[in-house]
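Here is a short note for a colleague who has not looked at this model before. Please read the points below with the sequence and the structure open.

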Amino acid sequence: MEIIIRNTGDTPIYDQITRQVKGLILRGELKEGEALPSMRVLAKDLRISVITTKRAYEELEREGFITTVPGKGCFVAPRNLELVREDALRRAEEHLSAAVNVAKVGGLTLEELTQTLTILYGED
């Protein structure tokens, strides 16, 4: 499992870990039942605090992406299709919100933005 941490920017490290692990799960790169590195191992590999990795794993578990088995570790949870769909919708909304802001600043109309989205969505 490859996680890349950027120390620049406003995104907290635990959130970077959470987002990247979610992405790996949603893309199928981490399979259901697959073990994640222990919090200590991940912290050591990333050269960060164990508290930070613990917070990321707790967030992933709270959102249903991983399960923790006491004494065994953390594992990718069975995929809940509704959870996957909801996460994809949330991420799309974030990007669309940013696109709307750019369009408004640039003086684009809703029709122009809609046409652009329709074209982009139709591309393979």
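**Notes on the model**

1. The end C-alpha atoms of residues 11-79 lie 26 Å apart, and this span is 51% helix and 12% strand. The UniProt record, an unreviewed entry, places the feature "domain: HTH gntR-type" at these residues, 11-79. UniProt positions are given in the numbering used here, feature names are shortened, and annotations may be inferred rather than shown by experiment.

2. The model is predicted: local features need pLDDT of at least 70, side-chain atom pairs count only at pLDDT 80 or more, and totals for chains, interfaces and linings use all residues. Residues are numbered from 1 along each chain as its sequence is written, and side-chain values use heavy atoms, with hydrogens and water left out.

3. The chain contains 5 helices and 2 strands, in the order α-α-α-β-β-α-α along the sequence. Helices (H or I, at least four residues) and strands (E, at least two) are DSSP runs, numbered from the N terminus.

4. The radius of gyration of the chain is 18 Å, whereas a compact globule of 124 residues would have one near 14 Å. This radius is taken over C-alpha atoms, and the globule rule is 2.2 Å times the number of residues to the power 0.38. Along its principal axes the C-alpha trace spans about 55 × 35 × 25 Å. Of the 124 residues, 26% count as buried; buried means under 20% relative accessible area, exposed over 50%, and partly exposed in between (1.4 Å probe, protein chains only). Among contacts (heavy atoms within 4.5 Å) between residues at least 6 apart in sequence, 49% join residues at least 24 apart.

5. Where does Met1 sit, and what does Met1 touch? Met1 is in the segment before helix 1. Leaving out residues up to four places away in sequence, Met1 touches Val21, Leu24, Leu30, Leu36, Pro37, Leu42 and Tyr57. Met1 and Val21 are 20 residues apart in sequence, and their C-alpha atoms are 8.4 Å apart in space. Met1 counts as partly exposed because its relative accessibility is 42%.

6. Thr18 belongs to helix 1. Its relative accessibility is 1%, so Thr18 counts as buried. Residues up to four places away in sequence aside, Thr18 touches Ala56, Glu59 and Leu60.

7. Arg47 lies in the loop between helix 2 (39-46) and helix 3 (50-62). Its phi is near 60 degrees, a positive value in a residue other than glycine. Most residues other than glycine have a negative phi. Arg47 counts as exposed because its relative accessibility is 78%.

8. On a 1 Å grid over the protein atoms alone, a cavity is a set of points where a 1.4 Å probe fits but cannot get out, and a pocket is an open set with protein on both sides within 12 Å along at least five of seven lines; lining residues have an atom within 4 Å of a point. Grid points are joined across faces, edges and corners, and a volume is the space filled by probe spheres set on the points.

9. The largest pocket holds about 300 Å³ of space. It is lined by 14 residues, and the closest to its centre are Arg19, Lys22, Arg90, Arg91 and Glu94. Helix 1 (13-26) and helix 4 (81-105) each supply at least two residues of this lining, and helix 1 gives the most, with 7 residues. By class, the lining has 2 nonpolar, 3 polar and 9 charged residues. Ala, Val, Leu, Ile, Met, Phe, Trp, Tyr, Cys and Pro count as nonpolar, Asp, Glu, Lys and Arg as charged, and the others, Gly among them, as polar.

10. The structure holds 1 cavity of 30 Å³ or more. The largest cavity has a volume of about 50 Å³, and its lining has 7 nonpolar, 2 polar and 1 charged residues. Among the lining residues are Ile25, Leu26, Gly64, Phe65 and Leu83.

11. Leu83 is in helix 4 and is partly exposed, with a relative accessible area of 24%. Apart from neighbours within four places in sequence, Leu83 is in contact with Glu63, Gly64 and Phe65.
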